[in-house]
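Please keep the structure in view while reading.

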Amino acid sequence: MAEESDLEKTEPASSRRLEQAREEGQVPRSREVGAFLILIVSASAFWFVGSWMLQRTIAIVRRGLILEEPLMRDPQFMVVRLADLSIDALLSFTPLLLALVLAALASPFFLGSWNFSVKALNPDMGRLDPIKGLGKLVSWNGVIELVKAVAKALLVGGVAIWVLWSERNDILAIFGQPVEVGLVSAGHLINYSFLVIVLTMLLIVAVDVPFQLWQYYDKLKMSKEDVKQEGKEMEGNPQIKAHIRQLQREAARKRMMSTVPTADVIVTNPTHYAVALAYKSGMGAPKVLAKGMGEIALKIREIGAQNGVPMLEAPPLARALYRHAELDQEIPSALYAAVAEVLAYVYQLVDWRQVGGNHPLPPREIAVPSEMLQESVNG
């Protein structure tokens, strides 16, 4: 039961899932919005500039029906005349065409924004599969689309019948009017009826848009397993990250060990901790080249012994250096005096190796500030 629960798509789509869907060309769409905008813009255009377009159209038709003698004798002149009339007709309907183009471009903003995806342009032969097409027709989505189409036809058809019935007296009156007056009355009646019928589609849009949004986000829902997998992909697989960290630690350890032969002294615990220090000319204070505990401390001591690096057992100082001194950084100022004693012993040891004489005695008790010792114990 738990596995079935993990596979059920009960989780809302993540932002990454939504972005991937947009990249694949999947965005919420409502054909009803586009159809409504185009029709309402057409109705508005006819309402405001319909008379002007009608007058222009009448003038163009009259010019086209006038037969002039040069026009009848020269076919070339007829072509020029046809071109002029075509340009005039195009200019007459340019406001309507521009309004329709703007309406078509603006419709995507009601459900988000424009979206251009190259993946959506890739050829998909599966779309030509008749079996899949038949499956879409008999699917729940196909049934819903059929119900929507029938409901839309009944609603628009019912409103159209109501408008015609309510305006029946004006329609019948047109037949008794002069031609010019009847044309004007018919034009106003057509514009009014068209506008009312188009406004009816606003109800269809109000129902279709929330449904399309719900269907879109429901389709992109994720299962709990999908959410976990996405989290792993975004944050990285824990096993892979652990392996990378291990490789990084090993690389850092190798670099650290390579500096041990250049150290001036190795301060030990003697077995638990080991810190390799160096103090060269130009340094403001001694610097930590390597440090470690357990096996790493043992390795530091082995490399130091192989390369003749002096070692000094100073457990409190070793613990304090390990806890408070950063790798490849200068030691804390609170440990200057203690480390100075160690370096003084190292310099004496170097002189003894070169000149001879009495073997220098290592410092027995190196003073370490109490706060460094207390913090190192608590750490």
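A residue is called buried when its relative accessible area is under 20%. The model discussed here is predicted.

Strand E3 covers residues 265-268. Which way do its residues point? Val-265 and Val-267 point one way, while Ile-266 and Thr-268 point the other way. All four of these residues are buried. In a regular strand, side chains alternate between the two faces of the sheet.

| Partner of E3 | Residues | Sense | Bridges |
|---|---|---|---|
| E4 | 273-278 | antiparallel | four |
| E6 | 311-313 | parallel | three |

On the E6 side, Glu-313 stands opposite Thr-268.

**The second largest pocket**

The second largest pocket has a volume of about 660 Å³. Its lining consists of 21 residues, and Gly-50, Ser-51, Leu-54, Leu-183 and Val-184 lie nearest the centre. Which helix gives the most to this lining? Helix H3 does, with 11 residues. Helix H3 spans residues 31-65 and helix H10 spans residues 179-219; each supplies at least two residues of the lining. Sorted by class, the lining of the pocket holds 12 nonpolar, seven polar and two charged residues.

Methods:
Residues are numbered from 1 along each chain as its sequence is written. This is a predicted model: local features need pLDDT of at least 70, side-chain atom pairs count only at pLDDT 80 or more; totals for chains, interfaces and linings use all residues. Side-chain values use heavy atoms; hydrogens and water are left out. On a 1 Å grid over the protein atoms alone, a cavity is a set of points where a 1.4 Å probe fits but cannot get out, and a pocket is an open set with protein on both sides within 12 Å along at least five of seven lines; lining residues have an atom within 4 Å of a point. Grid points are joined across faces, edges and corners, and a volume is the space filled by probe spheres set on the points. Ala, Val, Leu, Ile, Met, Phe, Trp, Tyr, Cys and Pro count as nonpolar, Asp, Glu, Lys and Arg as charged, and the others, Gly among them, as polar. Buried means under 20% relative accessible area, exposed over 50%, partly exposed in between (1.4 Å probe, protein chains only). Two strands pair if DSSP finds at least two bridges between them.
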